[in-house]
Each structure stands twice: as C-alpha cells, then as structure tokens.
Amino acid sequence: MFGLVDCNNFYVSCERSFNPSLEGRPVVVLSNNDGCVIARSNEAKSVEIKMGTPYFQLKDTIKEHDVRVFSSNYTLYGDLSARVMATLGRFVDQVEIYSIDEAFLDFEGFAHLYPDLHQLALTLQSTVRQWTRIPVSIGMAPTKTLCKVANYFAKRQAENRGILLLDSPERISEILQEFPVSELWGVGSRYAALLRRNAIRTAAQFSNAPDDWINRTMTVNGLRLAYELRGVPCKMLETEFAPKKAICTSPSFGRLIPDLKTMSEALVTHLSRAAEKLRRQGSAAGTMTVFVHTNRFKRSANGQPARQYYNSRTIQLPHPTASTAELTGYALAALQSVYQFGYAYQKVGVILSGLVPIDHHQTHYFTKGPDERLAVLSATMDRLNHRFGRDKVRLASAGYDVTWHHRQQWMSPAYTTKWTDLLQVK
Amino acid sequence: MSHTDSFLPAKAQISTRHWIPFFHSFVQAGFPSPAENYIERVCDLNELCITNAEATYFVRATGDSMNGDRIEVGDVLVVDCSLEAREGRIVIVWLNGEHTVKRIHYQEENVILVPSNPRFSPIRVGPGDDFRVFGVVTYVLHKSS
C-alpha cells in the first residue's frame, strides 16, 4: 500500500500556522512581486477568487469580503514543508517528496507495525497538525495513481475528514466511476480531448478499455496508467535525490525599467542565485539562455497596447562551469546582444541547462578546462553568504541599487529563519 | 571453489594460505599528540535544548508577565509543540487574537492561565474564548547582563 499526504492550501496554511486570526477568513497569497493570486483559502475560493487573478483586478472583492492578502514568504513555506516531510519520515522510512506540499509514503513492510492504516492516517494527520499546525489530506491505495484519486475525494467529500483509504477492489471500482478521466494524474488536456472523442469520460471507463487500444493511442505511459488504476503498481517511490535538469530564474521587476545598466545588475543578481543553486546540487552548466521581455498588458499613453518586444539568446559554453564570475561574462554579452533601446522591460531571466556533474570534465581540444581558482572563489563566496546573509559578497556588476527588486508589500515575518522575526508572546 | 568459477581463464587456485603477521604500529618520528584519541564533536546548544527539531520553534518574549519564572522581556523561549500541555507547565497559547506565555492549570473542566508576575491576574478561559495551545516552553535563553 502507498499513501499520498497533501497539505491543504499549503501557503495559506503556513500563514495561518503562526497567525490563527486568519482561520475562517478568506486569505490569498500573491506571486513574486505581488502580481497575481497563487494560493487561496477555501473561504477565498467561495467568494469566487480565481487562481492567477492579477491583484489589481481584485481590489473591490478584497474590500467587500475583508480578504487578507500576503506576499509569498517562501522561506517560511520552505521551512514548514521540511518540517512536515521530516515528521512523515518518523513513521515510515520511504518518503518521496513529490512537491513542496505533497509526499508519497510506502507502507510496504509496515503491515505488522500498522495493521490499521486508517488509524495510522489519523495519527499522521493529527501529528502534523500539532507539530506544524498544517492540515493535511491523506489518500491510501495500492498504487500511487489510486492514491491521487483517493486524495481527491479525501479533500472534497466532507464526510471523509481528509482521509480516504481505498483497500478493496469494490471500493476502487466504485470510486473510479465518479472520477473524471481528465483529472487523472498524467492526463493532459490533449489526451483528455482524445478520450472524450472516444466516449471515455470516467476513470473506470478508461481502466476497462482494451490494453492494445490504450497502447496504440496513448503509448506505454497510458497503459501504465491503466494498470495503476487496476491496482497494479507501475510507479515506485522516487526517494533518490534527482538533480534538476535545468535551473531558471526570472522574477519580474517591481517597476518597469528600461535602461541596460539596471537590467545588467538584475541579470547578474539572478544569475548569482542560479549559480548558487547549481553548486548546491553539485552541477555545472553547459548551456545558458538569457531572455528579456516587455509587459504584455502594458498600455501606452494613448490607450493603445504598448509596443512589445521579446528576445532571447542561447550560448553553448566552451566547457561546463558553475562559476558565477565566468557565467556572468557570458550572460552580460548575451544581454547586450538582445537588448533594444526604447522598450519598457518587465523581465530579464536566465536559464542554465545542459547540466552535468561538477566533477565531469570533458577534455577539449581548443579550450582549456575551467579555471580551478574560479571554483574556489565561488565556493568561498557561498560560504560567506551563508554565514553573513544573502548577497553580502557579490560581484560588483550585480550593483548596489535594489529598487528593481520585487515588491513585497504584505510579507509576513520569517518566523522560523530570522532571529528578528520570531513569533512574539506577551 | 564452486563450479561456476571453473570457466574463468587462468584463475589462481589458492589451496594453502600462509598467514603473515602484520605489525600495525607507527614509527615514532617526533612527539605524537596525546589528545589524538580524545577528539570528539564540540558541544552543540541545539543538542542540549532541542529533542524534537520538527516540532521546536523559537519564540520571543515581549512582556514581563512571567518574570517570576525568570522570563524577561527580550528572552528567547524554546518551544516544543509535540509535548502535551500538562498541569503546571509553562505554555505558549493563542488567546483571543494574540499569543501569550503563561503557566497552565486545569480546574475541573476549566483552563486557567496563571502569570508569575504578581502585577498580572490569572485568566480564566471561557467557552466563548478563541483558545488553542501552541506548545510547551522547554528552555529560556536569557542574556546575562
């Protein structure tokens, strides 16, 4: 048996974790730069606030329903996520952290310890609640796909109280008849349309379709999905740490900035962050893409849509590197080649790809390998910044002007990661 | 040897082993450090104060209602949320819109929050109050002046 533990409205629950006055009220969390809604409490959902709505369109709704608004506080969410995952790890030894707010558990070999899985789920739920104040929903079933289905109903049917155990074939086939095929894990809109054309609307109809038809129309992945729905596990837990295949940073500017100097500084700051991530996972990048674009919604003074511009440039590096200084040189050259004077830019971003392990050196005929001294320099900068705070040591080209940094007007305290932000008690 | 090894080409057959003693001892060249065998990890305050990292939070005291228990303004409290708020413990609770630190007492069905500064009076938690326990204070970090 597997389990899927999913934190309910995770970002909102994190805000409530240290501020219970938010319970029972509509609460929303905004994206970087306070752009649009990325998380909603159930109360916010019920006053018809949609996911992704830009903040400026919500002002009236917020006033009318006294909605509490927060900027995204990723340090807080990250810490609480780690606490939730570690708490789950107290109960089973196989925990696959699937996303910041979801984890798969494998109960294989725990039957003697936990003969009553429903009781275990209750204990998991109440322990996470007490230790972190985060509410979770738990679906348990013989396969990971069925866990997703179980979790869907655990969350949406009030009588389940956030827990649904699918352990009999009758229960499974009954529930699959109510489950829309488009909601299945791994069925995108394209496959959903294809299945609809073939009169397959429920997960039950899909799981009963002939194997060779599924294989022909949806490849072996579709077949795996069907097997999983029939209770045959095809997807195992992935608990091994898998390094990212590409790293991208492109936060928007807090205000629109047109000049190359400020954009260069922003780019170098983003790049430094990306390179730090790269080194933390022990990778080096072989390819870099720099892109810029203007604001699609921006209107010019006469009310017409403003002129738009988008451009990007990809550079194949002479050798894979994780050195901030080295990457910066290429990034600035790329930016200069795509930058056009006269536009109101909203974003400059960088994508590092073609990642290889940092100790992997391909010998090249014409270029020397990476300069070892640059690697030492980067590692030293990482250590200093870890000890004395973010960006304390940085490249001069990252600049000193922070006015382009994102706007975060409604940021809650970093209760667990900053001594100055601790929860206060009287 | 098992039969499966027989197809391997030119594998040496070891029929007789001669045991040669190996004297594992360093040749003294200079003065050895007598401390070498006694090095351990340095003491870590976390190890002393935190038994359950997932459920432990630091909280800042901003009032002096508990100064009888030597909790002063500005002190950092170590709070373990996995512990049960048993009779007489110092706890952090949420009460009607703010977090507060008090000693918790149970009188029959009722909860009473008792400050240790005589200038403050005990609070009786009623059925209409918004009340929940956050965690139990396990250590008080006070900067000596």
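Tutor: Taken over C-alpha atoms, the centres of domain 1 of chain A and domain 2 of chain A are 27 Å apart, with domain bounds from an automatic or database domain assignment. This is a predicted model: local features need pLDDT of at least 70, side-chain atom pairs count only at pLDDT 80 or more, and totals for chains, interfaces and linings use all residues. Residues are numbered from 1 along each chain as its sequence is written, chains are lettered from A and ligands numbered from 1 in the order in which they are written, and side-chain values use heavy atoms, leaving out hydrogens and water.

Student: How much area do domain 1 and domain 2 of chain A bury between them?

Tutor: About 1100 Å², 76% of it on carbon and sulfur atoms; that is accessible area (1.4 Å probe) lost on being put together, summed over both parts. A:T145, A:L146 and A:F153 supply 46% of what domain 1 buries there, more than any other three residues.

Student: How many salt bridges between those two domains?

Tutor: The count is 0, taking a salt bridge as a side-chain nitrogen of Lys or Arg within 4 Å of a carboxyl oxygen of Asp or Glu.

Student: OK, new topic: which residue does A:E102 form a salt bridge with?

Tutor: A:K148, with the closest N and O atoms 2.9 Å apart.

Student: And is A:E102 buried or exposed?

Tutor: Buried, at 13% relative accessibility (buried is under 20%, exposed over 50%, partly exposed in between; 1.4 Å probe, protein chains only).

Student: What about the whole structure, how many salt bridges over all chains?

Tutor: 19.

How values were computed
Buried area is the accessible area (1.4 Å probe) that two parts lose on being put together, summed over both.
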